There are 2 protein chains.
Amino acid sequence: MKPSEVAEEVNAERLVRRLGELGEVGRDGAGRTRLALTPQDKEGRDLIVGWLREAGAQVKVDRIGNIYGCLPGRNDGPPIMLGSHIDTVVRAGAYDGCYGVIAGIEVLHCLSATGSRQQRSVAVAAFTNEEGVRFTPDLLGSRVMAKNIALEEALDIHSSDGNVVREELERIGYLGDLSPWELLPAVFLELHIEQGPVLDASGIGIGIVEAVQGHSWWRVVIDGMANHAGTTPMDLRQDAGVAAMQIAIKLHNSAAKAGIPRVATIGSITVEPNAINVVPGKALLTVDFRDPDEEKLREAERLLEISLRKAREAGFRASAECISRSSPVRFDPALCSLLEQTAAHLGLSARRMLSGASHDAQMLAGICPTAMIFVPSRLGISHNSREHTEPAALAQGAQLLLETTRQLAVVGESNGITGIRAERV
Amino acid sequence: MKPSEVAEEVNAERLVRRLGELGEVGRDGAGRTRLALTPQDKEGRDLIVGWLREAGAQVKVDRIGNIYGCLPGRNDGPPIMLGSHIDTVVRAGAYDGCYGVIAGIEVLHCLSATGSRQQRSVAVAAFTNEEGVRFTPDLLGSRVMAKNIALEEALDIHSSDGNVVREELERIGYLGDLSPWELLPAVFLELHIEQGPVLDASGIGIGIVEAVQGHSWWRVVIDGMANHAGTTPMDLRQDAGVAAMQIAIKLHNSAAKAGIPRVATIGSITVEPNAINVVPGKALLTVDFRDPDEEKLREAERLLEISLRKAREAGFRASAECISRSSPVRFDPALCSLLEQTAAHLGLSARRMLSGASHDAQMLAGICPTAMIFVPSRLGISHNSREHTEPAALAQGAQLLLETTRQLAVVGESNGITGIRAERV
């Protein structure tokens, strides 16, 4: 790679300023609440559309509300797509999702600024309802694109407050007429904050994400017998709370000590009647298993089933319902190698890693070569107003996104990056 | 004891009928809710007052609302007192408390029916706010009598819904003018359902209660760090939920395996933010220790403190607040022996046992020789609309109460029961 082939630098000041500006939309205490398809989301989308146009892109909106900003290439093949989302959780940080979209716009600015059209089209996408807070399932816009859910089914989804995706899209003016499969990408790259502590703890600036771990979510119910806490001897109890806690500790320890699965979380536990002087008669808990290896996930699920069987043998009613499951997703090895080479070329410290969280990229991985770039999250804090990434780290990530896009779109066909399948799946 | 000295039998049919009649007051689904000093409580009190008068007793009400029905004896010494309470928890059974009061009225009926006045006065008491659901502390009427709380302080207690004991007593017409210390008893006997499974499981009809175990109640708070369940490796977590559950299991196991203390209950546990995909940052749990031995209670409290110290050493903030504590109460050994002898004389199966629950008798034990009689509770279920005791078992308990009262009040001074201190403490 010759120095002259390196694109000019992203405008870090503008990148950080726009993150701050978008972060003001939906301001909610120290954070911002910009749930999908609310007036706050509309206000955020309007900002993005304006910035896309400012970067020279043609803006299109598809029938599930995904926004695209396109910079046409010299050939009319499928675009190199960069993107993420701008909807948020409740009282969120300013970086999750927004960073990938705004950094993508920076890439468009840089490509436009060269004056000469790149070989391939480049598009920036902002996908609808990634967080899944207001409408279930999450990753909705990318899920439709990947045909993981039918468009009509997605449009008919009701929120917990009784609103429907189609009507809410219409209300905010983002029910587009583009087919969600019109702009299927040749390659997809998502730049995102890590949302975990690994990069921050190790002082490394760039994470090249090889895979999104799969998850397996369970709701467990244990029924025992509520009894008087003072009068019921220990050996005559059927304490559903203790039974649930024993299961929780066992699953936690399997992950913590044996790595089966990589992470296991008991995020929620409640007991009934939840009174200081009553032995719990019922307990509910949730289990969140995640692992990049499908077999490890299955092994953890077997452990849960064994725990439940033991509880039943001890006289409890015990059942578990799977409320969400996804298999691990592997990203494109050649694209990961390209990211690694490009980071090295730019002098950035980088490591390969996993994504623990879900991202639109895992949907896109089903339809085209896909990878993700992570930058550090301070203390790993995310989904929280205290989410923070240093401006310099934000700029490095955007620079890697720019240079990699340039390799793919401008010089790709002549620089020997042959591993990237550019055809649609 | 000559057969002629055995009093006539209690009227089991009337006893069971009245339990049913009082049990209709405050009907609430399958149970009844007759919280202290509510209109429902007034309606129950009115029934009791009528039945006391029907049994030939003089009815008096003291300044904390305790109701007394008195049958004067030939001498004017302090009375043999029988009693319990008629206030209930929410959606309660029909037996808890009410049984002791209504059986006491049966005893008065039988004593009145003999026509000859007994040596000592006999009084039946229905104490105010035993359950403590609406006004804290519990055992309020007997607590005032035992000077465990000042009368004026008791009258000023506010309920959680903003009402004051004094005004509520006045509103329902039970703010009496009798001094709560006017009728201090020579002896106190409380007949009660067991509220635990011991008698029911062993097929024994009578429990002679030697002691009320002490209790030690704690609210524990653990602060860790909330984090993303997918992205935070197990070794970088400070999972407050797991820390709390480990403490809970440790305390539970100490009781279940080593009897330290006799019973330990984690009745309540909550975690924050209580979301399936967030590592809990905070956990709250309650601990209920009970033991008839003060030293065992203290040992359990030391175990809790050690658990908290270990949690702190592991980086958590961990604290515990004692929210209620009572030392064990031993009942009068001579009175327990008298109950045992009398049960044997009546051909009733009986065993010595502990009370796991609190009762007015534990307050009375501070001022006069006191004991309790238990009858079986089906499956140990109590504080529940499914509370049940067979009519035959109810009749046996009332019969033992009658015969023991007769031993104390009619023939007591001549039958060699010298162990019972009849003086006030």
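Reader: Hello! Over the ring of which residue does the charged end of A:Lys147 sit?
Author: Welcome! This is a predicted model, in which local features need pLDDT of at least 70 and side-chain atom pairs count only at pLDDT 80 or more, while totals for chains, interfaces and linings use all residues. Residues are numbered from 1 along each chain as its sequence is written, chains are lettered from A and ligands numbered from 1 in the order in which they are written, and side-chain values use heavy atoms, with hydrogens and water left out. A charge sits over a ring if NZ of Lys or CZ of Arg is within 6 Å of the ring centre and within 35 degrees of the ring normal, and at 4.9 Å from the centre, the charged end of A:Lys147 sits over the ring of A:Trp181.

Reader: How far is A:Arg45 from the ring centre of A:Tyr174?
Author: Here the charge belongs to an arginine, A:Arg45. A:Arg45 lies over the face of A:Tyr174, and its distance from the ring centre is 5.0 Å.

Reader: In chain A, how are helix 1 and helix 3 oriented to each other?
Author: Helices (H or I, at least four residues) and strands (E, at least two) are DSSP runs, numbered from the N terminus. The axes, lines fitted to C-alpha atoms, for helices over the stretch in contact, with angles from 0 to 180 degrees between N-to-C directions, come within 10 Å and cross at roughly 140° for helix 1 (residues 12–23) and helix 3 (residues 98–113) of chain A. Angles under 35 degrees count as roughly parallel, over 145 as roughly antiparallel, 65 to 115 as roughly perpendicular and the rest as oblique. That is why helix 1 of chain A and helix 3 of chain A are called oblique.

Reader: At roughly what angle do the axes of helix 1 and helix 3 of chain B cross?
Author: In chain B, helix 1 covers residues 12–23 and helix 3 covers residues 98–113. Their axes come within 10 Å, and the crossing angle is roughly 140°.

Reader: Where in chain A is A:Pro273?
Author: The peptide bond leading from A:Glu272 to A:Pro273 is cis, with omega near 5°. As for its place, A:Pro273 is in the loop between strand 12 (269–272) and strand 13 (278–279) of chain A.

Reader: What is the phi of A:Asn274 near?
Author: A:Asn274 is also placed in the loop between strand 12 and strand 13 of chain A. A:Asn274 is a residue other than glycine, yet its phi is positive, near 65°.

Reader: And in chain B, what is omega near for the peptide bond from B:Glu272 to B:Pro273?
Author: B:Pro273 is found in the loop between strand 12 (269–272) and strand 13 (278–279) of chain B. The bond from B:Glu272 to B:Pro273 is cis, and its omega is near 0°.
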